[in-house]
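Here is a short briefing on a predicted model. It covers salt bridges and strand pairing.

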Amino acid sequence: MPLQRPPTERRPSHSVHPVTQGDTFPRRWARTRRGTLGDARDLTITPDGSSVYFLRARSTSDPVHLLWAVDTATGDERLVVDPAQLSTSGTESAAERARRERLRESADGIAAYHCNRDVTRAVTTLAGTAVLIDLDTGRCTTVDLGAAVFDPRLSPDGRRLAVVRDGRL
């Protein structure tokens with residue numbers, strides 16, 4: 001009679017969802033969007049090096065990217081912008097959808113952001129609406145430009161905004 005191994009306990013992965021019987025690698029790979037959810041990306045360092053801003057989902061199973069900041073002296077993180085807290089009622093433009101597809105951006109929420117030179121202000125688009133962000137306070141201001149916009153950019157001093165709308169700058 002062959003030796004039988006004792007049943008092994010499957011331990012939970014680092015994600016919020018524990019590994020279960022039938023939770024295969026392809027399923028986990030798909031659920032975590034190729035293992036990228038929960039990873040910091042698109043880092044911006046302040047000129048004095050005191051803070052780093054970045055995009056990240058809350059967990060490895062949450063598909064919504066949020067804007068975060070970390071204090072480099074203490075390591076303390078703070079949530080700057082949660083897209084769910086903003087009331088944007090537009091729809092993303094066909095150009096923004098094409099841009100997300102080109103970049104293979106499968107997550108929701110904030111896909112990209114752009115900061116001014118001093119990294120005190122940022123801009124992003126949510127549902128085709130430009131959103132200006134005060135990085136110190138997290139205060140957000142939506143900018144209604146009448147049509148869906150994408151690829152917003154701030155001037156170096158943060159006083160001017162450029163966007164692409166209807167194929168024009």
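**Salt bridges and a sheet**

Glu 77 is partly exposed, with 43% relative accessible area. Its salt-bridge partner is Arg 56, and the closest N and O atoms are 2.7 Å apart. Arg 56 is buried, at 15% relative accessible area. The model holds 5 salt bridges in total.

**Salt bridge between strands**
- Glu 77 sits in strand β4 (residues 77-81).
- Arg 56 sits in strand β2 (residues 51-57).
- The pair links distant parts of the chain, 21 residues apart.

**Salt bridge between loops**
- Asp 82 and Arg 58 meet through their side chains, at 2.8 Å from N to O.
- Asp 82 lies in the loop between β4 and α2 (94-102), and Arg 58 in the loop between β2 and β3 (64-71), so the pair ties together parts that are 24 residues apart in sequence.
- Asp 82 is buried, because its relative accessibility is 12% and the cut-off is under 20%.
- Arg 58 is partly exposed, at 48%.

**Salt bridge of Arg 159**
- Arg 159 pairs with Asp 157, with the closest N and O atoms 3.6 Å apart.
- Arg 159 counts as exposed, at 66% relative accessibility.
- Asp 157 counts as partly exposed, at 37%.

**Open sheet**
- The order is β6-β7-β8-β9, an open sheet of 4 strands with antiparallel pairing.
- β6 (114-115) and β9 (140-143) are the edge strands, and each pairs on one side only.
- β6 joins β7 (residues 121-126) over 2 bridges, in the antiparallel sense.
- Opposite Cys 115 stands Ala 122 in β7.

Terms used:
Residues numbered from 1 in each chain as written. Predicted model: local features only at pLDDT ≥ 70, side-chain atom pairs only at ≥ 80, totals over all residues. Heavy atoms only, no water. Pairing = 2+ DSSP bridges. Salt bridge = Lys/Arg side-chain N within 4 Å of Asp/Glu carboxyl O. Buried < 20%, exposed > 50% of the residue type's maximum accessible area, 1.4 Å probe, protein only.
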